[in-house]
Amino acid sequence: MPITTDTPAMRETLARLNQDAIASIDTNGECTIKVNDLSTLLSAYKIELNKNRGLKKAMGNAAKADA
């Protein structure tokens, strides 16, 4: 069963992160965001990385089988 990270909840999280970062940026370029939102983003990123690794591996195996 594949995991989908492009969901309405994830889009809301990204919008909150964007808004919080823009609203709280200081002159040093630092901002404040919610830990839960950052954690959600990082988790989704890791899931997508693993999907890409699995896809590359599967494509590599298919190419070897065709050779």
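Trainee: Why is the pair Lys51 and Glu48 called a salt bridge?
Mentor: In this predicted model, the side chains of Lys51 and Glu48 meet with an N to O distance of 3.2 Å, and because the rule asks for a Lys or Arg side-chain nitrogen within 4 Å of a carboxyl oxygen of Asp or Glu, the pair qualifies as a salt bridge.

Trainee: What makes Lys51 and Glu48 count as buried, exposed or partly exposed?
Mentor: Lys51 has a relative accessibility of 36% and Glu48 a relative accessible area of 27%; since buried means under 20% and exposed over 50%, Lys51 is partly exposed, and Glu48 is partly exposed as well.

Trainee: How do you know that Arg16 and Asp37 form a salt bridge?
Mentor: Their side chains meet at 2.8 Å, N to O, and as the cut-off is 4 Å, the pair is called a salt bridge. The contact between the side chains of Asp37 and Arg16, at 2.8 Å, also counts as a polar contact, because the limit for that label is 3.5 Å.

Trainee: Which parts does the pair of Arg16 and Asp37 tie together?
Mentor: Arg16 lies in helix α1 (residues 8-24) and Asp37 in helix α2 (residues 35-66), so the pair ties together parts that are 21 residues apart in sequence.

Trainee: What makes Asp6 and Arg11 a salt bridge, and how exposed is Asp6?
Mentor: The side chains of Asp6 and Arg11 meet at 3.0 Å, N to O, and since the limit is 4 Å, the pair is a salt bridge. Asp6 has a relative accessible area of 52%, and because exposed means over 50%, Asp6 is exposed, while Arg11, at 46%, is partly exposed.

Trainee: How many salt bridges does the rule give?
Mentor: The count comes to 4 salt bridges, among them the pair of Asp6 and Arg11.

How values were computed
Residues are numbered from 1 along each chain as its sequence is written. This is a predicted model: local features need pLDDT of at least 70, side-chain atom pairs count only at pLDDT 80 or more; totals for chains, interfaces and linings use all residues. Side-chain values use heavy atoms; hydrogens and water are left out. Buried means under 20% relative accessible area, exposed over 50%, partly exposed in between (1.4 Å probe, protein chains only). Helices (H or I, at least four residues) and strands (E, at least two) are DSSP runs, numbered from the N terminus. A polar contact is a pair of N or O atoms within 3.5 Å; within protein, one must be able to donate a hydrogen and the other to accept it, and residues adjacent in sequence count only if both atoms are side-chain atoms.
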